[in-house]
Amino acid sequence: MRVTLDLKDFVKYPFLKESQQFIGSYADSIEEFIQTNTGKIALRYALGRVRDALGDRENREKDSSSPGSDSFGVKQAVASYALARVLVSCQNDRSLIERLTRFEAQRAYSFLIDEEETKKEYIAWSVGIDIRNPEIPFIRYVETVSGLRDDRWRLVNREVRAGMVAVTHEEMDELVREQIRVLLTRQLPLKVPERICQLLQPALEQVTLVYQKQMLERFGTVEEDSFPPCIQAILMALTSGTNITHAGRFAVTAFLHNIGMDNNKIIELYCRAPDFDISKTMYQVEHISGRGGTEYTSPSCAAMRTNGLCVKRDALCEKVGHPLSYYKQKKRKGKPAPT
Ligand code: SF4
């Protein structure tokens, strides 16, 4: 399948091989490029992309204003996509990587939905989906929808025939967006040499600051007093030396990671346990917090109940369906009323 892509398409879909070929000479030596004036500007746009991915509205205007639409501006725009991937790879935080790939996929989707049919077919085909066919091969479907939570994507709610899953025309665009996300996520983190990450250190520090600020805005500083009873009970059991089940360890680690607690702090909490094993604990904590490729969310109240971990319920428990909601609500309640 062939269509003619123009400069605007490279900016809209920087992940396409044609877009990468367009900036070929820039991509050859990132090390030299980021030290040139053009590279510094592209790096500023890259930082804007990461900030956008993190929803940092405050600095959005400053960093992510569009480069020009001439050949030079387009190269900067596509280079900024590549550099944003380098930045999150140096950071090597799964949650950050997922935010960036989600953002890039959503950004491409916003252009894709208005594209004329042949071009849309080509973009979809480039990421492995044939949108001319109202059915998708089973394996591809399962891979593509793995990150979608809506019940309508579940196989039980789908018509599956001869290894093909039926998809409506309207749903195809969403699936292409998801497939872009899946592909981009699979490619990251890139293997970036340490010396390049060192060169990018000032930009990486800014990424860390924005990320931490965002976690604080979402959950605020960690307040143990606001932990739900189930999590408090597991932590109490840890301290008193009671043997904790795998499900209990998973629930408490994922919860603490989700509210923004640093991995070292989580490991410190495990230090209270009499059977503390540093290397085993480090492995478990890093795995659950996403170093292994998947970042986990702490289990819902229903799952906690199934695992016998929902204990000491209180009045607030009646109003929530997730320990994270409990925590957010309790923290909010604890705040003094504005004067
Ligand atoms: S209802 Fe939810 S938040 Fe409350 S103790 Fe049970 S699992 Fe924890």
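**Exercise 1. Find how many cavities the whole structure holds, and the volume of the largest cavity.**

Step 1. A search of the whole predicted model finds 3 cavities of 30 Å³ or more. A cavity here is a set of points, on a 1 Å grid over the protein atoms alone, where a 1.4 Å probe fits but cannot get out; lining residues have an atom within 4 Å of a point.

Step 2. The largest cavity holds about 90 Å³ of space, where a volume is the space filled by probe spheres set on the points, joined across faces, edges and corners.

The model is predicted: local features need pLDDT of at least 70, side-chain atom pairs count only at pLDDT 80 or more, and totals for chains, interfaces and linings use all residues. Residues are numbered from 1 along each chain as its sequence is written, and side-chain values use heavy atoms, with hydrogens and water left out.

**Exercise 2. State which helices supply at least two residues each to the lining of the largest cavity, and classify that lining.**

Step 1. Among the lining residues are Pro228, Cys230, Met304, Arg313 and Tyr326.

Step 2. The elements that each supply at least two residues are α14 (229–240), α18 (301–306) and α19 (323–334). Helices are DSSP runs (H or I, at least four residues), numbered from the N terminus.

Step 3. The lining divides into 11 nonpolar, no polar and 1 charged residues. Ala, Val, Leu, Ile, Met, Phe, Trp, Tyr, Cys and Pro count as nonpolar, Asp, Glu, Lys and Arg as charged, and the others, Gly among them, as polar.

**Exercise 3. Describe the lining of the second largest cavity.**

Step 1. About 40 Å³ of space lies in this second largest cavity, and its lining consists of His246, Arg249, Phe250, Thr253, Tyr270, Gln284 and Ile288.

Step 2. Two or more lining residues come from each of α15 (246–258) and α17 (278–288); α15 gives the largest share, 4 residues.

Step 3. By class there are 3 nonpolar, 3 polar and 1 charged residues.

**Exercise 4. Examine the salt bridges Lys17–Glu18 and Glu143–Arg140.**

Step 1. A salt bridge is a side-chain nitrogen of Lys or Arg within 4 Å of a carboxyl oxygen of Asp or Glu. The whole structure has 17.

Step 2. Lys17 and Glu18 meet at 3.7 Å, N to O. Lys17 is exposed at 51% relative accessibility, whereas Glu18 is buried at 11% (buried is under 20%, exposed over 50%, partly exposed in between; 1.4 Å probe, protein chains only).

Step 3. In Glu143–Arg140 the closest N and O atoms are 3.0 Å apart. Both residues lie in helix α10 (residues 138–145), 3 residues apart, so about one helical turn separates them.

Methods: On a 1 Å grid over the protein atoms alone, a cavity is a set of points where a 1.4 Å probe fits but cannot get out, and a pocket is an open set with protein on both sides within 12 Å along at least five of seven lines; lining residues have an atom within 4 Å of a point.
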